[in-house]
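Dear colleague,

I am passing on the structure below, together with some notes on what turned up when I went through it. Please read them alongside the coordinates.

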Amino acid sequence: MEVSMATSSYPTSSNLDHSVSDVFLTNEDCIGRGWNLINSTDDEINKFVTPLITRVRVLYLQPLVALVGILGNLAFMFIVWKVPHMRNSMNIILLNLSVADLLYLVVGTTERFFNVLLSPVLGYTIFFGHILQCLIIFPLVNFVTFTSLLLVSLISVDRYIAICKPLQHIKMAGRRQAHAYVRLVWVFSLLLALILLPSTMELLTICFQWPNTEKYENFPAKVELCNSRNDIWFSVDQCVQILPFFIALILNLFCFVKIIFRLNMRMTSESTNEKSQHDRQVRRIQRDSANAATRMLLINGIAFFVLATPFHVTSAIQVIQRWLIAWSCQCETFKNLSILLLYINSAVNPFIYGVTNRAYRQAYYSVFYNTISKSSDSRISITTSTRSQNESMNTHI
């Protein structure tokens, strides 16, 4: 979660230069955390100030990404609701993925925007108040982050079983089963989010004494943030986020390789076994429909991990940096890029569906074209090819 990156960047009395650590304060009002920066240099003070690149990302780039992602995810939800043929088992999972992505974009972007807008101090996280910010918003962001990860993994495993073990998949496929799997994902994600709750549930106050210059006259004397008094929870927070991600990454890579290999094998065997021209045409239509769905889901899964991996690599670097004091990573640009990619990850899925799969493109076109040009008609008519592709997805997914 992004807040753990921000608050963990605060210096401590042990990892600053001697000249700065000498002015570390103990103040009862600030729970033993305060900094006298009156005689500090700008470079030393900048360790406590939100960098310009972070402000640009949070105040301009993330809202733009969020707006595009919110519209895209809402559009996908609308077509699944409006088009009966789109309500297959796979789209049930994709619909829940859109819900998780939508929550992440709305809550994460709003929380960061106001906190960075209203305070120049790094790590300020209490604009919405202790209860809402520390006990609801941060756990909710963790909750939907885990949900997205597990839903993408569920899609990959489902595709692997459908392609590599089709007889076993027949017993597992269906809308009822899809709903059951999705419920399990939400419950398990909630448990993981609850494990991280102690890392942000406490309200900490940090006091600052800024230099008596015009540049710092509007800087706050106190900053409140959601964190834990016990530093061990920072490592717990990072590990609980990092380990499930890399376990899921390995699992998904295994599924991707097996699926691609099996599809290539299947195409070779079908080309040698089909005898009549009619058989070849029928098999080709079925194969193309199934492959289109699989290709879309593969691209979606690969894009998810390509966009999310930099953030988790950065988190791993921070854990190492936290415990190996002698080693310091000056990678602010990479941190901001990795977080921005995380938001892009939640925004891009509906566009991948439309670009990589003709059935989804036609569904988008049919719904929004008919909504605009035939607003009096409440029922949407789907083309024959769209229906056949979605029926094929129900069969093969």
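What share of residues 337–356 is helix and what share is strand, and how far apart are the end C-alpha atoms? Over this span the chain is 100% helix and 0% strand, with the end C-alpha atoms 26 Å apart. Please keep in mind throughout that this is a predicted model.

The span comes from the UniProt record, an unreviewed entry, in which the annotation "transmembrane region" covers residues 60–81, 93–110, 130–157, 178–197, 242–261, 297–317 and 337–356. Another of these spans, residues 178–197, is 90% helix and 0% strand in the model, and its end C-alpha atoms lie 29 Å apart.

As for the protein overall, its secondary structure comes to 13 helices and 4 strands, and of its 397 residues 49% count as buried. Among the contacts with a separation of 6 or more, 80% are between residues 24 or more positions apart. The accessible surface comes to about 19400 Å², and carbon and sulfur atoms account for 64% of that area.

At least two lining residues are supplied by each of α5 (89–118), α6 (130–164), α9 (232–273), α10 (277–323) and α11 (332–356), and the helix that gives the most is α6, with 6 residues.

Helix α6 also holds Leu150, which at 23% relative accessibility counts as partly exposed. Not counting residues up to four places away in sequence, Leu150 touches Val185, Phe188 and Ser189. The C-alpha atoms of Leu150 and Phe245 are 9.0 Å apart in space, while the two residues are 95 residues apart in sequence.

Thr50, in the loop between α3 and α4 (52–82), has a relative accessibility of 8% and therefore counts as buried, the limit being under 20%. Once its neighbours within four places in sequence are left aside, Thr50 is in contact with Arg55, Val116, Ser119, Pro120, Val121 and Leu122. One of these, Val116, is 66 residues from Thr50 along the chain, and their C-alpha atoms are separated by 7.7 Å.

Finally, the charged pairs: how many salt bridges does the structure hold? There are 2 salt bridges. In one, Asp42 pairs with Lys215, with 3.9 Å between the closest N and O atoms. This pair links distant parts of the chain, since Asp42 belongs to helix α3 (residues 42–45) and Lys215 to the loop between β3 (202–209) and β4 (222–227), 173 residues apart. Asp42 is partly exposed, with a relative accessible area of 41%, whereas Lys215 counts as exposed at 54% relative accessibility. The N to O distance of 3.9 Å falls within the 4 Å cut-off that applies to a salt bridge.

In the other salt bridge, the side chains of Arg112 and Glu111 meet at 3.2 Å, N to O. Are these two residues buried or exposed? Both Arg112 and Glu111 are buried.

With best wishes

Notes:
Residues numbered from 1 in each chain as written. Predicted model: local features only at pLDDT ≥ 70, side-chain atom pairs only at ≥ 80, totals over all residues. Heavy atoms only, no water. Buried < 20%, exposed > 50% of the residue type's maximum accessible area, 1.4 Å probe, protein only. Contact = heavy atoms within 4.5 Å. Areas by Shrake-Rupley, 256 points an atom, 1.4 Å probe, with all protein chains shown as cover. UniProt positions renumbered as here; feature names shortened; annotations may be inferred.
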